[in-house]
Amino acid sequence: IANAVLLAALLLTPVSRWPWVFAITAVTHLAAMLPDAPLWRALWQVGINAALTVTTAVTLHRFAGLPLTLSTRRQVLVYTTTAFAVAALLALGTPVVVRSVLGLEPSYHFLVAWPRVALSNAAALLLVTPVIVLWGQHGLAPLQRMTFRAVVEGGAILTCLLTVGFVLFGTGSEIARFPALLMLIFPPLLWAAVRLGPLGASTALLGIAAVSAWGTAGQLGPFVPFPDATKVLSLQLFWITMSTPILLLAAVIRERELAESSLVTLRQHLTHATRVATAGELSGALAHELRQPLTAILSNAQAALALLAKGSANPDDLRCILDDIAQQDRYAADVITRLRSFVQEREPHFEPVALDRVARDAIRLTKAVTDRIGVSVDADLPDDLPRVWGDSVQLVQVVLNLILNACESMHHTPAPERRLRVQIARNDTHFVEVTIEDRGDGLPLGAQDKVFEPFFTTKETGLGLGLAIGRSIVTAHGGRLWGENNEGRGATFRVLLRASA
């Protein structure tokens, strides 16, 4: 255990301060061994311990990388391999092993002394060092961040571990007749590894090791009937058998969580970039839409100035002019606010969302485009439908993209037939459906679902990301997005979302 604590101190301390760590440790070690052991043996043991911990720390720094988080398979495999290899190698230089080779230790044979020293050091490095290092890195922050649900789950895991531990190692030696019961220790350890990560897994492993050591020392548990040497060896093998797969499982789970988190972050950036690109496509139409209220404001202001210059300004006329200026200003500000909210990058914020408001915002943002192309929009948006659980900006992005695609598909449609229908309706008790129906060219025959693949596009200047991102957004909201050709002309896209409770 002393070597495990020393290794943890080295991993948590800058290399420049290692001499101080060794000096303090050496003094403590010598004080603990003297006067029961000869000075030469104490100094020898201190030197071997220093060599063991330095070699392990340097190897981990070179091949595993620091800080040691045990959150990747590479770090766990390098750490466990290093712990076994260095412990086995340097055990050959310990006093008890060297003296057993020379025949100076009548109590120990080499084939007994060497595995015992190697396994004791390896087990301590696997059980004690990770707990000290991980808690030293995080402090009490993981406990402070725990939600009530996490606290309850952590308490349940701890209760299961202690219950199983005391059942296995707190009863008499008759439990040795049922060695298969030792497998009961793995379900709570697996639970801790999956839910609490490397920190929780390593802490649970150390707790079980402490309970098993306590029980065996008190002549309790399944290892009691064995001879003393075999008893210690069996206990060490039990610890090692537990720790390696549990730490590896915790690392695999954490790697997957980190990969999913990175994927979500990349998807958010791509979604935002697509919104910005869409806003760029709308910029010309939005500039035209803003020009109208700005022109009206200018004309009204000039008319008011002219009336004042003539000295014949009527208060009612001025009030009417000012009201019109305020109305046009509010209209322009509303256009800018909607656009700013649409392109702003932020974390997704899920809340109950009214789909009728989502559709209205999308229609307002695309109004300049539909007016320019000459598309008549028929909107059936009842406001008494259930809300859905989602992010309003992302849902606006989905509907807006579908409306823009529908408008572009109607370039070859005769002007009088350019009609777009946006409808929201309840789809049985638990779902709300948004339908966008156009009179355009329709979907490619035989490739209705291929349009949702990334980089597939039928536009000359399209990137082929709008529908793919739209489907990923809807899927992340627990819904479905698909398209189908109409019987006559055009296509219909449907967004199905579950109503919030």
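This is a predicted model: local features need pLDDT of at least 70, side-chain atom pairs count only at pLDDT 80 or more; totals for chains, interfaces and linings use all residues.

Student: What makes the pair of Phe-166 and Trp-214 edge-to-face?

Tutor: The ring centres of Phe-166 and Trp-214 are 5.6 Å apart with planes at 80°. Pairing needs centres within 6.5 Å, and planes over 60 degrees apart count as edge-to-face, so this pair is edge-to-face. It is one of 3 aromatic pairs in the structure.

Student: Why is this pair said to tie together separate parts?

Tutor: Phe-166 belongs to helix H9 and Trp-214 to helix H10, so the pair ties together parts 48 residues apart in sequence.

Student: Why is Phe-166 called partly exposed?

Tutor: Its relative accessibility is 39%, and partly exposed lies between under 20% for buried and over 50% for exposed. Trp-214, with 47%, is partly exposed too.

Student: What makes the pair of Phe-169 and Phe-238 tilted?

Tutor: The centres of Phe-169 and Phe-238 lie 5.7 Å apart, with 55° between the planes. Stacked needs under 30 degrees and edge-to-face over 60, so the label is tilted. Phe-169 sits in helix H9 and Phe-238 in helix H11, 69 residues apart.

Student: How do you know whether Phe-169 and Phe-238 are buried or exposed?

Tutor: Phe-169 has 0% relative accessibility and Phe-238 has 9%. Buried means under 20%, so Phe-169 counts as buried, and so does Phe-238.

Student: How do you know that the charged end of Arg-480 sits over the ring of Trp-482?

Tutor: That charged end is 4.2 Å from the ring centre of Trp-482, and the distance cut-off is within 6 Å, together with an angle of within 35 degrees of the ring normal. Arg-62 likewise sits over the ring of Phe-63, its charged end 5.0 Å from the centre.

Definitions and conventions. Residues are numbered from 1 along each chain as its sequence is written. Side-chain values use heavy atoms; hydrogens and water are left out. Rings of Phe, Tyr and Trp (its six-membered ring) pair if their centres lie within 6.5 Å; planes under 30 degrees apart count as stacked, over 60 as edge-to-face and the rest as tilted. Helices (H or I, at least four residues) and strands (E, at least two) are DSSP runs, numbered from the N terminus. Buried means under 20% relative accessible area, exposed over 50%, partly exposed in between (1.4 Å probe, protein chains only).
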